[in-house]
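Me: I would like to go through this structure term by term, setting each value against its definition. Please start once the structure is shown.

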Amino acid sequence: MTDRIKERLVQLRSEVDAATLRAETAESLVKDRDQALLERDNEIKSLRVQLDTSESRLERAEADLAEAKGRVRELDVKAEQAERQQMAAEKERDGWEEKAEAVEQKYRTAKAELDKLVAEMEGL
């Protein structure tokens with residue numbers, strides 16, 4: 001009977017050793033996974049900070065873009081107004097040039113008549 005007990009004790013010790021080894025292995029795996037989770041959590045936090053920063057920069061860039069678009073619209077309106085003013089000034093200039101040509105033509109005609117009259121008077 002004592003041999004059976006001894007065998008049983010050896011067997012139980014072997015089972016305890018095997019269970020202890022499995023428990024230590026499991027604890028090591030849990031530690032490794034906890035560490036991996038902690039690293040992932042830190043990485044997620046870092047990525048969230050980067051995301052927040054990127055979103056803030058995007059909001060600023062969108063606001064700047066909207067402002068720039070507004071300025072471009074204003075400049076377009078001013079350019080159109082300047083173009084209309086230029087066209088009106090050119091039209092007015094053309095009108096004055098036509099009037100000047102007409103006056104110059106009248107002057108030439110009057111001068112020619114005067115020169116003719118002077119020549120006729122000299123011939124008398």
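Reply: Over residues 2–120 the chain is 100% helix and 0% strand, with the end C-alpha atoms 170 Å apart; helices (H or I, at least four residues) and strands (E, at least two) are DSSP runs, numbered from the N terminus. This is a predicted model, in which local features need pLDDT of at least 70 and side-chain atom pairs count only at pLDDT 80 or more, while totals for chains, interfaces and linings use all residues. Residues are numbered from 1 along each chain as its sequence is written, and side-chain values use heavy atoms, with hydrogens and water left out.

Me: Which annotation covers residues 2–120?

Reply: An unreviewed UniProt entry gives "coiled-coil region" for residues 2–120; such annotations may be inferred rather than shown by experiment, feature names are shortened, and positions follow the numbering used here.

Me: How does the radius of gyration of the chain stand against that of a compact globule?

Reply: The chain has 52 Å, whereas a compact globule of 124 residues would have a radius of gyration near 14 Å (taken over C-alpha atoms, the globule rule being 2.2 Å times the number of residues to the power 0.38). Along the principal axes, the C-alpha atoms fill a box of roughly 180 × 20 × 15 Å.

Me: Why is threonine 2 called exposed?

Reply: Threonine 2 has a relative accessible area of 53% and is therefore exposed, given that buried means under 20%, exposed over 50% and partly exposed in between (1.4 Å probe, protein chains only). Of the 124 residues of the chain, 1% count as buried.

Me: What makes the contact between arginine 108 and glutamate 104 a salt bridge?

Reply: The term requires a side-chain nitrogen of Lys or Arg within 4 Å of a carboxyl oxygen of Asp or Glu, and for arginine 108 and glutamate 104 the N to O value is 2.2 Å. Both residues lie in helix 1, four residues apart, about one turn of the helix. Lysine 111 and aspartate 115 also form a salt bridge, with their closest N and O atoms 3.5 Å apart. The whole structure has six salt bridges, and Arg93, Asp94 and Glu97 are linked in a network of them.

Me: How do you know that the charged end of lysine 99 sits over the ring of tryptophan 96?

Reply: The charged end of lysine 99 is 4.8 Å from the centre of the tryptophan 96 ring, and the rule asks for NZ of Lys or CZ of Arg within 6 Å of the ring centre and within 35 degrees of the ring normal.
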